[in-house]
Every structure is written in structure tokens, then in C-alpha cells.
Amino acid sequence: MRRVRYESTGGPLFLEEVPVPEPGPGELLVRAEAIGVTLPVVRKVTEAAGPIPLGGEIAGEVVAAGQEVTGFRVGERVTGLCFGHGYADYAVLREEMASPVPDAASAVDAVALVRSGLVALGALDAARPEPGEAVLVTAAASGVGHLAVRLAKARGAGRVVGAVSDPAKAGFVRALGADEVIGYDALASVEPVDCVLDAVGGELLTPALAALAPGGRLVAYSSGGGTVQAHDLLVGAKSVTGFQLARIARGRPEVYGRWRRELWRLFAEGTLKPCVHGEFGLAEAARAHGVIESRSNLGKVVLRP
């Protein structure tokens, strides 16, 4: 089978031929039909000390199941998080990371919705918005951000503000239901909000925190880092919470499962439809990463084996 790999920090990415893996106990072997490209994986290629497996969300058909697998059978369609080599024709998926793909959904729908939607929904839950409160979403045109905008509206936010890196993305974000779209340079002057879902971090963290009203909550789910001054929290009785989906998936499977069911319910109702920026072949993985690095995507970037 084909697999995307790299040998040193920064790449380049290349295809190699390797044997199809065997699923171990509690694992599924999935013939991949769609693979999600995420900023954390892109950053690992450019920043990690050495080569790592390119994992992430995958969707496809179960072609083999290891011992101790009880919830899935060969021939079923699944999606889930792969912590090993996911940029490949076949990938191994832990059973607890997998969820069924409904008949009405495509593999591309699944990778655009589930992992990104779980992050968006989890971050929103961590922010604890009350009905009618204002929510600001940074990277609002991204794979996670565009779903966070829609979820905030669906859950009764009184005002949703989308923050974007490029004014050209404003129309896309407004079409998602955002009441207001601003550039990152306008964060300091935005009308205060009750919650911030921050996917950017770094230098943007301070102005994002300043955009909070007294008592406001910021949820950081970015791999971009950043430093928060305790004084900034004390003055406005503000709070910052870090959110990591993997911790929920591994430590609170009942919550992970409830969120997945909610996403598919909203999808079936037509309330939550993911947007796909583009689809690339495995051999075009470097191009797909380039789209993410340039922050030019509107919605999800997907690889198709």
C-alpha cells in the first residue's frame, strides 16, 4: 500500500510502498476513503524534533478486525482518530476511537464533521455559554472554526463573532451564520463577548482575552501556545481553560460518545453541514499542507487515497 512519510523536520513529504498493517487486539483495519488534514499535524511536520507518523481523522470501510473487537464488523463504514499512520491507503484504528458513518453521509462528510466537530463542540461545552450570550470564534473559517460558528448559533448564542486572518474570508463566515466578522487587528475594539473559542494562540491570545467581558471565559484549543498574565485574569474575573480532544476520548469515552451522537443528529437534521475547501490525492499531501500553512482554507482540507 501507499503511505505518506517524511524523514526530517520540515519534510519533504513523499509516498512510499509498505505492507498493509495487521490490526492488533481491539483494533480495526480500515481501507481509507478520506483523511482529514489538520493544523496540529502540519505543525508536527514543521516543528517536531524528528519524523512522526502522520495521523488524524480517517473514514472508510472496515476490512479486518483484531481480537477483542466487539462493536464493528468487516464491511461497515467508520470514522475516527488514528494515532498511528493515517496518511495511507489502509490505517489501523482503535475500536474506541471509531464511530459508524450513517448511510446518508459520505466519507468526506465524516472526516470534515467528526473530529473537527468534536473539537468545536467540546470547546463550546468547556466555555459554558448561557443562552443569549455572545461568543467569539477565532480562525472562524477553519475546519474547526466554521463548525464552531454554526454550533454556537444552533445552541442559542445571542451574538456570534467570527475572527479571521484575511478579510476575504468574511463573506464565507457570514454565510455560516456569524452576526459579525472582524480581522484579528480589530479584536481590541470589538464589543466585549462572554466566551472566546481560540484556535490560534500565540500573539493573538492577549487581545482575545481582552475581548472578554468581566466574568468571561476563554477556551484555548490551539497548538500555537501563548502566555497569559495572571493580572489580566484577576482584573476582570476572567478564566482560561485548555481543551484537548484526545484527553476526552481516552479518559471520558461516555462524553466522547455523547458528542459524536449529537453531531450526527445535527447533521441528519440539516443543522450542521461541514464545508470542504478541497480534496487532494495522497501524492498531493504537500499541497494540502501548504493550504493549511497559508491559512487560505475555507472549511476542511481532505486527502482522498
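**Helix H2 and its packing partners**

H2 passes H8 in a right-handed crossing. Before I go on, the ground rules. This is a predicted model, with pLDDT of at least 70 needed for local features and 80 or more for side-chain atom pairs, while totals for chains, interfaces and linings use all residues. Numbering runs from 1 along each chain as its sequence is written, and side-chain values use heavy atoms, without hydrogens or water.

Helices here are DSSP runs of H or I, at least four residues; strands are E runs of at least two; both are numbered from the N terminus.

Back to H2 and H8. H8 covers residues 253-269, and its axis lies 9 Å from that of H2, at an angle of about 120 degrees. Axes are lines fitted to C-alpha atoms, for helices over the stretch in contact, and angles run from 0 to 180 degrees between N-to-C directions. The pair is therefore oblique. Oblique is what remains after roughly parallel (under 35 degrees), roughly antiparallel (over 145) and roughly perpendicular (65 to 115).

Who touches whom? From H2, the list includes Asp109, Leu113, Leu121 and Asp125; from H8, it includes Arg258, Trp259, Arg260 and Phe267. Contact means heavy atoms within 4.5 Å. By class, this contact has 10 nonpolar, two polar and five charged residues. Nonpolar is Ala, Val, Leu, Ile, Met, Phe, Trp, Tyr, Cys and Pro; charged is Asp, Glu, Lys and Arg; the others, Gly among them, are polar.

Next, H3. H2 (residues 107-127) and H3 (residues 145-154) have axes that come within 9 Å and cross at roughly 55 degrees. These two are therefore oblique as well. The crossing is right-handed. On the H3 side, Leu147, Ala148, Leu151 and Ala152 make the contact.

Now the core. A nonpolar core is a set of buried Ala, Val, Leu, Ile, Met, Phe, Trp, Tyr and Cys residues joined through side-chain atoms within 4.5 Å. Buried is under 20% relative accessible area, exposed over 50%, partly exposed in between, with a 1.4 Å probe and protein chains only. The largest core has 87 residues, and Tyr87, Leu197 and Leu303 touch the most other members. H2 gives the largest share of this core, 13 residues. Beyond four places in sequence, Leu197 contacts Ala123, Leu124 and Ala148, among others.

Conventions: Left-handed = near helix turned anticlockwise from the far one by under 90°.
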